[in-house]
Amino acid sequence: TLMLTVLGARIGQSLWPAYAEAMARGDWSWVRPAYRRAERFTLVTYVLFAGLFAVFAQPIVRFWTRGRLIPSNGVIWLLAVYLGILCWVNLIGYFLMAARRIRYMALTGIVGGVLSVPLSLFLGRHFGLEGVACCNVIMAGVFLLPPLLFAAHRTLSGVRNCEIPVV
């Protein structure tokens with residue numbers, strides 16, 4: 001899982017200065033396809049790694065903890081989904097930082113973080129570890145990914161102001 005998030009971060013980090021330079025020159029004919037290629041590569045890579053993670057996580061954790069901890073399939077699959085969302089969010093985040101949409105990203109992160117604590121406590125109390133993992137998926141999938149995708153789409157469309165009122 002760490003390898004997957006590092007790979008996602010490396011792709012975004014390597015493209016950040018290139019995006020910024022191309023945007024400063026107004027070269028959107030390079031930015032749009034470069035972003036789309038990076039997005040496709042990240043998603044395909046995630047699906048492959050998530051599948052491997054889901055298949056081999058239990059034996060690896062069982063070996064690593066000498067049989068004292070065996071995560072449920074639900075926790076494993078929820079974490080696989082969560083990691084995929086995070087890889088996508090990271091890629092979008094580097095793109096938006098290159099486009100100087102930092103305030104918008106910070107706002108979505110703060111709202112998600114503030115809402116995450118009570119939801120995690122509630123779901124954890126009622127569903128245990130699977131509830132906490134489910135909270136991560138909900139928070140990343142509802143409060144991070146959709147608004148950031150929206151901002152990235154608006155930026156790629158040439159709309160300069162992608163501020164969205166907080167509801």
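Predicted model: local features only at pLDDT ≥ 70, side-chain atom pairs only at ≥ 80, totals over all residues.
Reading from the N terminus, the order of elements is α-α-α-α-α. The chain has 167 residues, and buried residues make up 38% of them.

Start with α2 and α3. Helix α2 covers residues 28-64 and helix α3 covers residues 73-98. Their axes are 9 Å apart, and the packing angle is about 160°. An angle over 145 degrees counts as roughly antiparallel, so α2 is roughly antiparallel to α3. The crossing of these two helices is right-handed. As for what sits in the contact of α2 with α3, the residues divide into 20 nonpolar, 4 polar and 1 charged.

How far apart in space are Phe 49 and Gly 84, C-alpha to C-alpha? The distance is 9.1 Å, for two residues that are 35 apart in sequence. Phe 49 belongs to helix α2. With a relative accessible area of 26%, Phe 49 is partly exposed.

Stay on α2 for a moment. Where in α2 does the kink lie? It lies at Phe 56, shortly before the proline Pro 59, and comes to about 50°.

Now the other pair, α4 and α5. Helix α4 spans 102-127 and helix α5 spans 129-156. These two pack at an angle of about 160°, with their axes 8 Å apart. By the cut-off of over 145 degrees, that makes α4 roughly antiparallel to α5. The crossing of α4 and α5 is right-handed. The contact of α4 with α5 contains 17 nonpolar, 7 polar and 1 charged residues.

Next, the core. In soluble globular proteins, nonpolar side chains tend to be buried together. In this model, the largest nonpolar core has 28 residues. Which residues have the most contacts inside that core? They are Tyr 19, Met 23, Val 31, Phe 95 and Leu 96. At least two residues of this core come from each of α1, α2, α3, α4 and α5, where α1 is 2-25. The helix that gives the most to this core is α5, with 8 residues.

Most residues other than glycine have a negative phi. Arg 66 is not a glycine, yet its phi is positive, at about 55°. This residue follows α2 and is placed in the loop between α2 and α3. Is Arg 66 buried or exposed? Its relative accessibility is 72%, so Arg 66 counts as exposed.

Arg 100 is found in the loop between α3 and α4. Its relative accessible area is 73%, so Arg 100 is exposed.

To recap the main points. α2 is roughly antiparallel to α3, and α4 is roughly antiparallel to α5. The largest nonpolar core has 28 residues, with α5 giving the most to it.

Conventions:
Residues numbered from 1 in each chain as written. Heavy atoms only, no water. Axes fitted to C-alpha atoms, helices over the stretch in contact; angles between N-to-C directions. Helix = DSSP H or I, 4+ residues; strand = E, 2+ residues; numbered from the N terminus. Parallel < 35°, antiparallel > 145°, perpendicular 65-115°, else oblique. Left-handed = near helix turned anticlockwise from the far one by under 90°. Nonpolar A, V, L, I, M, F, W, Y, C, P; charged D, E, K, R; others polar. Bend = angle between axes of the 7 residues up to and from the residue. Core = buried A, V, L, I, M, F, W, Y, C linked by side-chain atoms within 4.5 Å. Buried < 20%, exposed > 50% of the residue type's maximum accessible area, 1.4 Å probe, protein only.
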